[in-house]
Amino acid sequence: MAPWPDWCSAAEGALRFLHEHVGWDLWMVTQVVDGRQVVLLAEPPDSVRPGLVLPWADSFCRQMVEGTAPRLATVTAAVPAYASRTTGPLQDIAAYVGIPLVTRDGELFGTLCGVAYRAKPRSAVRELSVIEAAARMLSTLMAAGMDPPPLPEPLT
């Protein structure tokens with residue numbers, strides 16, 4: 001089995017793996033820059049286009065990164081920090097999982113996150129270690145010198 005040639009290929013492979021083996025409706029790799037959360041990659045690829053921008057202040061991922069909400073919520077309506085954010089493009093998210101992606105210096109790069117449009121059973125928490133391993137692998141590849149893709153053009 002050949003290694004992935006670059007960070008982007010590894011991230012796409014991780015997203016495909018998570019979509020096929022963990023499930024959930026949508027998996028994304030995002031980057032946080034200048035108060036925005038920008039989608040770099042998504043699985044399935046046609047579900048969200050790279051370049052989609054969400055205000056960082058309104059995102060589920062910000063709540064998770066700051067520790068005001070858990071990494072995995074099988075029912076977002078049951079978590080006040082997430083329930084208060086289910087408007088606009090986030091209104092249909094019933095379950096959420098997110099893990100920070102960090103640079104070699106430990107700075108926040110972005111997130112690996114998944115969403116489901118129906119609540120998940122509590123047993124879904126068993127998959128958290130698999131999702132954390134995928135995120136750690138992507139952070140490790142950045143620390144080893146593999147560069148993530150450049151920011152895509154913002155969608156208008």
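Modeller: This is a predicted model. Start with the helices.

Biologist: At what angle do helix 1 and helix 4 pack, and how far apart are their axes?

Modeller: Helix 1 covers residues 7-22 and helix 4 covers residues 128-143. The angle is about 180°, and the axes are 10 Å apart. Angles over 145 degrees count as roughly antiparallel, so helix 1 is roughly antiparallel to helix 4.

Biologist: Which residues meet where helix 1 touches helix 4?

Modeller: Helix 1 brings Trp7, Ala10, Ala11, Ala14, Phe17, Leu18 and Val22. Helix 4 answers with Val130, Ile131, Ala134, Met137, Leu138, Leu141 and Met142. Sorted by type, the contact has 14 nonpolar residues, no polar and no charged.

Biologist: What else does helix 4 touch?

Modeller: Helix 4 packs on the sheet. Its contacts there are strand 1 (26-33), strand 4, strand 5 and strand 6. The direction of helix 4 makes about 25° with that of strand 5.

Biologist: In what order do the strands of that sheet run?

Modeller: The order is 3-2-1-6-5-4, in an open sheet of 6 strands with antiparallel pairing. Look for the edges next. Strand 3 (53-55) and strand 4 (72-73) are the edge strands, each pairing on one side only.

Biologist: Over how many bridges do strand 5 and strand 6 pair?

Modeller: They pair over 8 bridges, in the antiparallel sense. Strand 5 spans residues 95-102.

Biologist: Now the rings. What describes an aromatic pair?

Modeller: Two numbers do: the distance of the centres and the angle of the planes. Here the count comes to 5 aromatic pairs, with centres within 6.5 Å as the cut-off. One of them joins Trp7 and Phe109. Their centres are 6.1 Å apart and their planes 70° apart, which is edge-to-face.

Biologist: Which parts of the chain does the pair of Trp7 and Phe109 tie together?

Modeller: Trp7 lies in helix 1 and Phe109 in strand 6 (residues 108-116), so the pair links parts that are 102 residues apart in sequence.

Biologist: Are Trp7 and Phe109 buried or exposed?

Modeller: Trp7 has 0% relative accessibility, so it counts as buried. Phe109 has 9% and therefore counts as buried too. Another pair is Trp24 with Trp27, tilted, at 6.2 Å centre to centre and 50° between the planes. Trp24 and Trp27 are both buried.

Biologist: Which residues do ring pairs link into a cluster?

Modeller: Phe60, Tyr82 and Tyr96.

Biologist: What is the phi of Asp34, and where does Asp34 lie?

Modeller: Its phi is positive, about 50°, although Asp34 is not a glycine. Asp34 lies in the loop between strand 1 and strand 2. Its relative accessibility is 70%, so Asp34 counts as exposed.

Biologist: Is the peptide bond from Glu43 to Pro44 cis or trans?

Modeller: The bond is cis, with omega near 0°. Pro44 is in the loop between strand 2 (36-43) and strand 3.

Key: Residues numbered from 1 in each chain as written. Predicted model: local features only at pLDDT ≥ 70, side-chain atom pairs only at ≥ 80, totals over all residues. Heavy atoms only, no water. Axes fitted to C-alpha atoms, helices over the stretch in contact; angles between N-to-C directions. Helix = DSSP H or I, 4+ residues; strand = E, 2+ residues; numbered from the N terminus. Parallel < 35°, antiparallel > 145°, perpendicular 65-115°, else oblique. Contact = heavy atoms within 4.5 Å. Nonpolar A, V, L, I, M, F, W, Y, C, P; charged D, E, K, R; others polar. Phe/Tyr/Trp six-rings, centres within 6.5 Å; stacked < 30°, edge-to-face > 60°. Buried < 20%, exposed > 50% of the residue type's maximum accessible area, 1.4 Å probe, protein only. Pairing = 2+ DSSP bridges.
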